[in-house]
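Reader: I'd like to learn how to read aromatic pairs and a few other local features. Can we walk through an example together?

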Amino acid sequence: MFVRRLVLLFFLTACAQPPILDRPAAWSRLDLGSEPPRVLIAGAAAPAHRTVASFLGAAEVRDMRQVPAEQLVTFPRRTAGQVQALEQRAGSRLGWTVTLGATPYVSFVPLGAGDVACPCGYGVGVRDARGTFHVLYRDVAPAAGPLAPAAVELSLGDFAGSTVELLFQVDGPPGHAGTLLWGSPALYQRQALDGFHPEGATPTRPNVVLIGLDTLRADHVGVYRQGLALPPSLTPEIDRLAGESDVWLGAHSTFSNTNPSFASIFTGLYGKNHGVYDLKTPLPADHTTLAEHFKAAGYDTRAFISARHLGNHNSGLGQGFDEVTLADHHFAAEWPVTGAMDWVAGREKPFFLWLHLFDPHTPHTPPDPYAVGFRPARPRGLAPVESWSPFRRPGSRDFDEVVLGGHRDLYQGEVAYLDHQVGRLVDFLASRGLLENTVIAVVADHGENLGEHGMLYRHVGLWDTTTHVPLMIRWPGADAPRTPRGRRFPQLVQTLDLFPTLLAASGLDVPPQDGIDLRQLTFDGRTGRRAVFAEHADRTDVTVRTASHRYVLSRGNAAIPAGTYLYDLAADPGELVNLVGRGLAIEAELARVLAGWQADTRGAPAAESRVLSPEEEAKLRALGYLQ
């Protein structure tokens, strides 16, 4: 249906992105799922409402008729991302009395029936100060499907500046006990924040926001595709942020899977020195993480982790955080983004925020209209989306890898959805003047194979598809003439270089580790790293990559047979032709470099794997990590 409505919107946005500007009034958010309403009509059963964790889509997103019987145990339930939802009984009406600021609107996702099926409909209205009712929205609940419908955004602009009662109603057959779900229900508006002056944060002692994007390839971010004849960018919001950021075009991760990669980012250490090589070995407590350094310096610290297996029980990365919000399965990005906004709004001290967003990982379940090939026509931040633009030929897609739940076009939809959520957070910070004193770092933990090397939606193997990732930093200050905005650095760097960079940028001491401050590596014409290194999960592979070649030693894994591999990246950017054994001098040189790197270790404390529970094993199998 969404495609039919938008087939005439085939236009491209301009390449130049508008700057991120502070605005006269700050965005505020009222979470209608957690703010207690008045129960105006109770309906047939009690309670009339409750707040629940639901799915932005289905609890099982695959067509189980297509899943081989032998895989049903090996790969159990695969869910869409989780969101917070308001579950409301049929026949009930809820009300919130609110005083509206500028440009107010209410937003929700009509997720359909809750625990009890309901042939019901949604209704949204306003009762103004004179007691007059105004119906804003009425629609029947959508049929259940694997992917969620589009969010509904309803302007309350006609009531700006007045006190009204916002009304949610679920219409249904008399006496029916069914429920409907309102996904991520909230009231957004702009309000003056008189007297709001966060203490302590300055450009030299800034807040730090680390946005870790799971499974995002560099070549799916617009700024990394410039100069290529490709379809429209999937990432207008990140592109706009990049226009004000330093962007490292040659950034590479230290691993091709999540927990070890983030262990490197949080310690500045290669895997050989921190000992984490899988999804069940916590980082030893003897290591001091980014969060612990910031906590010791008096910062408030908070983490929102969107994948269960990255929680402290499996990763050890909860060290130093005042609080961690962790998904039961995995979050859709809107849950941690809105949670981060709520948390930031209450800070009075400098803060370190880690936001881990999981969406590009399988299963690929973007909501409409991202699922059918549309993204916002231009960056909107927290403002309602006014128009949509296609990033591919519109239409629905079925999984082409049923067991994992993947499709390349749906991967792109997840990236576009993720981008919009990142833009919402950045706009929130900008509206509150926090960009003056905040460092924003964006990085991916690893990439993904999208059919290359015979692999669909599995980030195994050590190639550019799995290790080349986006990395950018927006420095403090809305307008800093001595620091040029939008610089691009092609030099080779590693994601672990963020560790010393963020500490030094915050005026904190940098302990000995393997990272190098990105400014020391690339500013003022410096050449970056001569080579970058990465290791594979379970110590199966190790690689060294220079600007011109990649050399891999493999003990054998699901993607690459045991052996030695050499690729000429200029002649063979797809890394398909193995040049080992042809007598090239570069082979011996890279073998020597890699052997020297492997031998140079720091004598780190031993990391000990934990035994996974049957439930934990099932969840990892569902994500494709265990066979």
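Reader: Let me start with a pair I picked out: are F533 and W597 buried or exposed?

Author: Both F533 and W597 are buried. Keep in mind that we're looking at a predicted model.

Reader: Okay, and how do I describe the way two rings sit together?

Author: A pair of aromatic rings is described by the distance of the centres and the angle of the planes. For F533 and W597 the centres are 4.7 Å apart and the planes make an angle of 5°, so this pair is stacked. F533 belongs to strand 22 (residues 532-535) and W597 to helix 13 (residues 585-599), so the pair ties together parts that are 64 residues apart in sequence.

Reader: What sits over the ring of W597?

Author: That's the charged end of K272, 4.1 Å from the ring centre. You'll find another case at Y277: R539 lies over the face of that ring, at 3.8 Å from its centre.

Reader: How many aromatic pairs does the structure hold?

Author: There are 28 aromatic pairs. Take F266 and F352, whose ring centres are 6.3 Å apart with planes at 65°, so you'd call that pair edge-to-face. F266 is part of helix 4 (residues 258-267) while F352 is part of strand 16 (residues 351-357), so parts 86 residues apart in sequence are tied together by the pair. Both F266 and F352 are buried.

Reader: Which residues form one aromatic cluster with F266 and F352?

Author: The cluster also takes in F262, F294, Y299, F321 and W354.

Reader: Which backbone nitrogen does the side chain of D497 reach?

Author: The one of I516, at 2.8 Å. Setting aside neighbours within four places in sequence, D497 is in contact with G515, I516, L518, L521 and R529.

Reader: And P36, is that residue buried or exposed?

Author: P36 is exposed, at a relative accessible area of 64%. Look for P36 in the loop that runs between strand 1 (26-31) and strand 2 (38-42).

Reader: How many residues apart in sequence are P36 and G95?

Author: They're 59 residues apart in sequence, and in space 9.0 Å apart, C-alpha to C-alpha.

How values were computed. Residues are numbered from 1 along each chain as its sequence is written. This is a predicted model: local features need pLDDT of at least 70, side-chain atom pairs count only at pLDDT 80 or more; totals for chains, interfaces and linings use all residues. Side-chain values use heavy atoms; hydrogens and water are left out. Rings of Phe, Tyr and Trp (its six-membered ring) pair if their centres lie within 6.5 Å; planes under 30 degrees apart count as stacked, over 60 as edge-to-face and the rest as tilted. Helices (H or I, at least four residues) and strands (E, at least two) are DSSP runs, numbered from the N terminus. Buried means under 20% relative accessible area, exposed over 50%, partly exposed in between (1.4 Å probe, protein chains only). A charge sits over a ring if NZ of Lys or CZ of Arg is within 6 Å of the ring centre and within 35 degrees of the ring normal. A polar contact is a pair of N or O atoms within 3.5 Å; within protein, one must be able to donate a hydrogen and the other to accept it, and residues adjacent in sequence count only if both atoms are side-chain atoms. Contact means heavy atoms within 4.5 Å.
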